[in-house]
Structure formats: C-alpha cells, structure tokens
Amino acid sequence: MTRSGFCGFKLIVVFASAVVISTLLAFAPSGAAPPSPVKDIAVWNIPAFDALPDDENGRLARYGRTIIAATYAHIGPAAVNPAARYAGNNLACTNCHLRGGLKKFALPLVTASADYPAYSARTNASISIFDRVNQCLMRSMNGRPMAEQDRPMQAILAYLRVLSTNIPVGGTIIGAGAGAMPELDRAADPGRGAAIYARTCADCHRPDGSGVRRNVALPEMGYAVPPLWGQDSFNTGAGTARLITLANFVHDNMPNGTSWVAPTLVPEDAWDVAAFVLSQPRPQLAGIDRDFPNLLLKPVDAGYPPYADSFSLEQHRYGPFAPIRAEITRLKEVRGEVPNPNIR
Ligand code: HEC
Ligand code: HEC
C-alpha cells in the first residue's frame with residue numbers, strides 16, 4: 001500500500017515536472033537540449049499484461065492484444081469466421097502501431113483510452129474511443145465498422161484501457177504520434193524518393209510495394225513485411241496516407257528496427273521516400289470529400305479535396321506546407337469557418 005502510494009505520488013511529480021519542462025522548452029530558443037529521458041519513463045507506466053488476473057477483464061484484454069498483433073487472423077478478410085471479417089486488408093494494427101502501440105513515435109496507443117471522448121475535426125463531433133478504432137478499421141484497414149458490443153471490439157477496447165491505466169485523463173506523453181521533423185521548403189519529390197525506395201525499402205517491402213506474405217497461399221497468416229501500396233494496403237482516407245504522418249513515421253521507425261533516437265534516414269530522404277510511396281496506387285475510400293465539415297480544420301496534407309484555400313491538390317499532397325498554414329491562419333481570422341460544400 002505505502003509503496004504504491006509512493007509510486008503514485010512520484011508519478012504525479014515526474015509528470016508535473018515533464019509538463020513544466022516541456023512548457024519551458026516551448027519558449028526556449030531552438031537548439032535547446034531535448035527533454036531528459038527521466039521524464040517519460042514514469043509516464044509510460046504500462047501494467048504487465050502477463051500479470052493481469054485470469055478474470056473476464058484480464059482474458060478480454062489479452063484477447064485484445066492478440067487481435068492487435070494478428071488482426072488478419074481474427075478479423076481480416078480471410079478470417080475463418082465470415083461474420084468476423086471486418087478488416088478489408090490483411091494488415092495488423094501492430095504493423096503501424098508498432099509493438100502493439102508501445103513504441104515511441106510509432107503511433108503509440110498508450111494514451112488513447114484516456115484521451116477519448118475527444119473532438120474530431122473530421123466529423124465535427126465528439127467521438128468515443130470506439131468510433132476512433134472503427135476509423136482505423138475503415139481507413140487504415142480498408143474495412144467496415146464493428147458494433148460496440150462485438151467481442152473483438154470489446155477486446156480491443158479492454159486492451160487499450162489497460163495501456164492507459166496509469167495515464168491521467170487528457171495526459172500527454174513524450175513520444176506521441178509519429179514525431180515532427182523539420183519540413184522542407186520545397187515540395188517532396190516522388191522521383192527522388194523512388195531511388196531512395198529502391199535502395200532502402202525494396203529489399204523488405206519488395207520493388208512493387210506488395211510486401212512479403214508469411215504464406216502465399218494463406219492470406220489469413222498476414223505479412224512478414226506489410227505492403228505499402230496496392231489492393232491490400234491502407235486506403236486514401238487513412239492517416240498514414242498523409243505525407244506529414246507517413247514521412248515522420250518512416251523517419252523514426254524505418255527500416256524496421258530503427259528508433260527515433262537514431263534515425264536511419266535524414267529528414268530530406270524520409271520526405272521524398274514517403275512522397276514516392278504516396279504517389280503509388282491504393283484503395284480509394286468513397287465519400288471522403290465529405291470529411292471535415294469545417295474545411296479550416298482539415299489537415300494541410302490531406303490528399304483529397306475540397307480545401308478552404310486555393311492551393312493546388314499537388315501542393316497539399318507534397319508540400320511545401322508552410323504557405324498553406326499561413327493562409328489557413330489568415331482565413332481563420334477573416335472567415336472563422338469555411339463550410340464543406342459537399343455537406344448539406
Ligand atoms: C528490414 C526490413 C524493412 C525495411 C528495410 C523497411 N521496412 Fe518498413 N516495415 C517492415 C516491417 C517488418 C514492418 C511491420 C512492423 C511490425 O509489424 O512490427 C514495416 C512497416 C512499415 C510501415 C507501416 C505499415 C504499412 O503497411 O504501411 C511503413 C509505412 C513502412 N514500413 C515504410 C517503409 C519505408 C518507406 C522503408 C524504406 C525507407 C521501409 N519501410 C523499410 C520492414 C522493413
Ligand atoms: C496503416 C496504418 C494503421 C493501421 C493498420 C492501424 N492504424 Fe490506428 N492509427 C493510424 C494513424 C496514422 C493514426 C493517427 C495517429 C495520430 O493522430 O497521431 C491512428 C490512430 C489510432 C487510434 C487513436 C490514437 C489516439 O491516441 O488518438 C487508435 C485507438 C487506433 N489507431 C487503433 C487502431 C486499431 C485497433 C487498429 C487495428 C484494428 C489500427 N489502429 C490499425 C494508423 C494505423
């Protein structure tokens with residue numbers, strides 16, 4: 001008891017000092033030292049899954065962990081039970097949320113359960129963690145939504161709740177998202193990226209981007225290396241289909257095994273190779289022209305119209321983004337909001 005009380009107190013102190021330090025850093029001149037690693041350890045305080053009790057909740061959370069790791073087998077398009085085929089591709093959640101959502105700057109899932117319900121600019125409404133998982137199912141996994149009471153959904157939500165056990169509601173962590181490396185002041189160049197792809201990615205993801213299946217005859221066994229484009233990849237509405245997200249993810253995590261502490265690619269190469277990947281064909285999501293009821297809240301790198309500004313589709317897809325951001329800031333001041341003309 002005393003011991004856990006002490007740890008809880010320590011967690012709050014460390015968390016509070018992390019907030020203070022990151023606030024200070026926000027005002028510090030660029031080139032200031034990054035936050036010392038001591039701050040994040042307490043925040044990434046994940047309970048040991050194997051120590052969860054063997055009760056209904058423990059079993060559900062462990063089942064959720066299995067679904068995140070082997071999504072294709074449980075809810076993929078070739079899953080044994082046809083009624084359970086929710087995902088439209090044979091990816092696993094953990095192909096993007098690396099180590100089951102526990103890796104920094106690899107789209108971690110550590111705070112997700114504590115972050116929702118949250119406002120979503122994409123729908124202009126407050127969405128629950130359940131809705132958010134379904135967005136990944138429909139976009140990243142190019143599939144269809146699950147009902148909240150479906151057991152695989154309940155399992156995923158139980159897994160996410162365990163990850164967030166020690167995260168204060170609305171709490172932030174160091175290592176969230178995919179990182180934010182400096183942007184280029186030119187458009188990212190798919191042509192230059194093609195050469196980088198051939199040199200640094202093609203051995204694993206294959207020259208045609210189709211990845212490596214564990215067993216060519218059994219799609220329900222998923223991939224040893226996931227595809228990056230083509231019919232079995234994420235669709236055009238996915239977060240990973242946006243250049244800023246993908247370039248940062250690649251910079252901090254690829255070639256697989258890379259950590260944000262020691263990136264393999266220089267930022268320029270990460271931008272260009274990501275541009276090459278996104279210039280390749282992938283499944284189209286119908287109806288995404290109705291995303292973002294207020295177009296001023298649409299991410300600058302969303303690769304599909306309509307937009308609030310008059311920059312080209314090309315510039316929204318490949319940058320440079322700073323001029324678009326400046327224009328959006330201006331429009332926010334003069335217009336407040338720009339309704340999406342496709343929504344009536
Ligand atoms: C050593 C083999 C290897 C190399 C080289 C490699 N990757 Fe990966 N990549 C993987 C594996 C394996 C995963 C899935 C990781 C997991 O499931 O834990 C992955 C996942 C990804 C993902 C997320 C999953 C998806 O399907 O979208 C992207 C994006 C990606 N890699 C891009 C790249 C790019 C771009 C390069 C070149 C700069 C690259 N990778 C180089 C093995 C590799
Ligand atoms: C192709 C890559 C990819 C796959 C596969 C994928 N996701 Fe995601 N996911 C993303 C991206 C990108 C985001 C947005 C991250 C951000 O905004 O920082 C995201 C966000 C999320 C979030 C919200 C996290 C937060 O804290 O806001 C949840 C929850 C989530 N995904 C769950 C899942 C689950 C469960 C699966 C499998 C059924 C899955 N994802 C499959 C790429 C993927």
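The shell around ligand 1 takes at least three residues from each of domain 2 (44-177) and domain 3 (190-278), the domain bounds being those of an automatic or database domain assignment. The model is predicted: local features need pLDDT of at least 70, side-chain atom pairs count only at pLDDT 80 or more, and totals for chains, interfaces and linings use all residues. Residues are numbered from 1 along each chain as its sequence is written, while chains are lettered from A and ligands numbered from 1 in the order in which they are written.

**The two ligand shells**

Ligand 1 is surrounded by 24 residues, of which C201, C204, P226, P255 and N256 are the closest; a residue counts as near a molecule if its C-beta atom, placed from the backbone, lies within 6 Å of it. At least two residues of this shell come from each of α5 (93-96), α11 (202-205), α12 (243-253) and α13 (267-278). Helices here are DSSP runs of H or I with at least four residues, strands are runs of E with at least two, and both are numbered from the N terminus.

Around ligand 2 there are 25 residues, with C93, C96, C136, S140 and G239 the closest. Helices α5, α7 and α8 each provide at least two residues of the shell around ligand 2, and α8 gives the most, with 5 residues. Ligand 2's shell receives residues from both domain 2 (44-177) and domain 3 (190-278), so it lies between them.

The table gives the make-up of each shell by residue class. Ala, Val, Leu, Ile, Met, Phe, Trp, Tyr, Cys and Pro count as nonpolar, Asp, Glu, Lys and Arg as charged, and the others, Gly among them, as polar.

| Shell | Nonpolar | Polar | Charged |
|---|---|---|---|
| Ligand 1 | 17 residues | 6 residues | 1 residue |

**The chain and its nonpolar cores**

The chain holds 15 helices and 4 strands. Of its 344 residues, 39% are buried; a residue is buried if 20 or more other C-beta atoms lie within 10 Å of its own, exposed if 12 or fewer, and partly exposed in between, with C-beta atoms placed from the backbone. Among contacts between residues at least 6 apart in sequence, 65% join residues at least 24 apart, a contact being two C-beta atoms, placed from the backbone, within 7 Å.

The largest nonpolar core has 65 residues, and those with the most contacts inside it are I156, Y159, L243, V250, V273 and A274. Such a core is a set of buried Ala, Val, Leu, Ile, Met, Phe, Trp, Tyr and Cys residues joined through C-beta atoms within 7 Å. Helix α9 gives the most to this core, with 9 residues. Domain 2 (44-177) and domain 3 (190-278) both contribute residues to this core, so it lies between them. Apart from it lies another core, of 8 residues, including F292, V300, Y307 and F321. Leaving aside residues up to four places away in sequence, V273 touches G193, I196, Y197, C201 and V250.

Helix α9 (residues 151-163) has 13 residues and spans 19 Å from its first C-alpha to its last, close to the 18 Å expected at 1.5 Å a residue; the expected span is 1.5 Å times one less than the number of residues. Of the 13 residues of α9, 10 are buried, and the helix is mostly covered. These buried residues are P152, M153, A155, I156, L157, A158, Y159, L160, V162 and L163. They pack against α3 (56-69), α4 (71-75), α6 (98-101), α7 (112-115) and α8 (129-140).

In α12, 11 of the 11 residues are buried, so this helix is largely enclosed by the rest of the structure. The cover over the buried residues of α12 includes α6, α13 and α14 (313-318).

**Two individual positions**

Y72 is placed in helix α4 and counts as buried, with 28 C-beta neighbours inside 10 Å. Y72 and A92 are 20 residues apart in sequence, yet their C-alpha atoms are 6.0 Å apart in space. Not counting residues up to four places away in sequence, Y72 touches N90, L91, A92, P219, E220 and G222.

G170 sits in the loop between α9 and α10 (190-200) and is exposed, with 9 other C-beta atoms within 10 Å. The contacts of G170, not counting residues up to four places away in sequence, are A114 and D115. G170 and P117 are 53 residues apart in sequence and 9.8 Å apart in space, C-alpha to C-alpha.
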